[in-house]
Amino acid sequence: MWDLHKIYSDEATRKWASDGCRSAGIGCLDCKQPLIDKIVEEVTAMRRRGQEFEEHPELIRDIVAEGDEKAREAARET
């Protein structure tokens, strides 16, 4: 769990988790809850963005067409 705390937790939460785990002052679920909250927050944002594409598939087509044109321009130059 510590590696995930290094990614998702701020310094205060990392200190709290480190001290609590080493002293058995907190339980495993207590240690994991801040991580769960941060990961759910991140995944929710990704799902929201994906839902936009599901509801509007033309956005994907536009992105692909734009990339296609940029690739063609680069190919013409070479």
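Lys70 is exposed, with a relative accessible area of 54% (exposed is over 50%, buried is under 20% and partly exposed lies in between, using a 1.4 Å probe and protein chains only). The model is a predicted one, in which local features need pLDDT of at least 70, side-chain atom pairs count only at pLDDT 80 or more, and totals for chains, interfaces and linings use all residues. Residues are numbered from 1 along each chain as its sequence is written, and side-chain values use heavy atoms, with hydrogens and water left out.

Side chains of opposite charge can pair when their charged atoms come close. Because Lys70 and Glu66 are four residues apart in helix H4 (residues 57–77), about one helical turn separates them. Helices here are DSSP runs (H or I, at least four residues), as are strands (E, at least two), numbered from the N terminus. Glu66 counts as partly exposed, at 48% relative accessibility.

Helix H4 holds another such pair. Arg72 and Asp68 join their side chains in a salt bridge of 3.1 Å, N to O, and these two residues are again four residues apart, so about one helical turn lies between them. Arg72 is partly exposed at 45% relative accessibility, and Asp68 is also partly exposed, with a relative accessible area of 36%. By the rule above, the count comes to seven salt bridges.

The spacing is four residues within H2, so Lys15 and Asp19 are about one helical turn apart. Asp19, at 38% relative accessibility, counts as partly exposed. Helix H2 itself runs over residues 11–23 and has 13 residues. From first C-alpha to last, H2 reaches 18 Å, close to the 18 Å expected at 1.5 Å a residue (the expected span is 1.5 Å times one less than the number of residues).

The buried side of the story in H2 involves Thr13, Arg14, Ala17, Ser18 and Gly20. The buried residues of H2 pack against H1 and helix H3 (28–55), with contact meaning heavy atoms within 4.5 Å. After H2 comes Ala24, which lies in the loop between H2 and H3. Phi of Ala24 is near 60°, a positive value in a residue other than glycine. Ala24 is exposed, with a relative accessible area of 66%.

Further along, Phe53 sits in helix H3. Leaving aside residues up to four places away in sequence, Phe53 touches Leu59, Ile60 and Ile63. Phe53 and Lys15 are 38 residues apart in sequence and, C-alpha to C-alpha, 39 Å apart in space.

At the surface, Met1, Leu4 and Ile7 form a nonpolar patch with about 290 Å² of accessible area together. Patches are made of residues with over 30% relative accessible area and no salt bridge, like charges being joined within 9 Å and nonpolar side chains (Val, Leu, Ile, Met, Phe, Trp, Tyr) within 5 Å. Accessible areas come from the Shrake-Rupley method with a 1.4 Å probe, and for residues only the protein chains shown count as cover. Leu4 is found in helix H1 (residues 2–8) and counts as partly exposed, at 32% relative accessibility.

Notes:
Salt bridge = Lys/Arg side-chain N within 4 Å of Asp/Glu carboxyl O.
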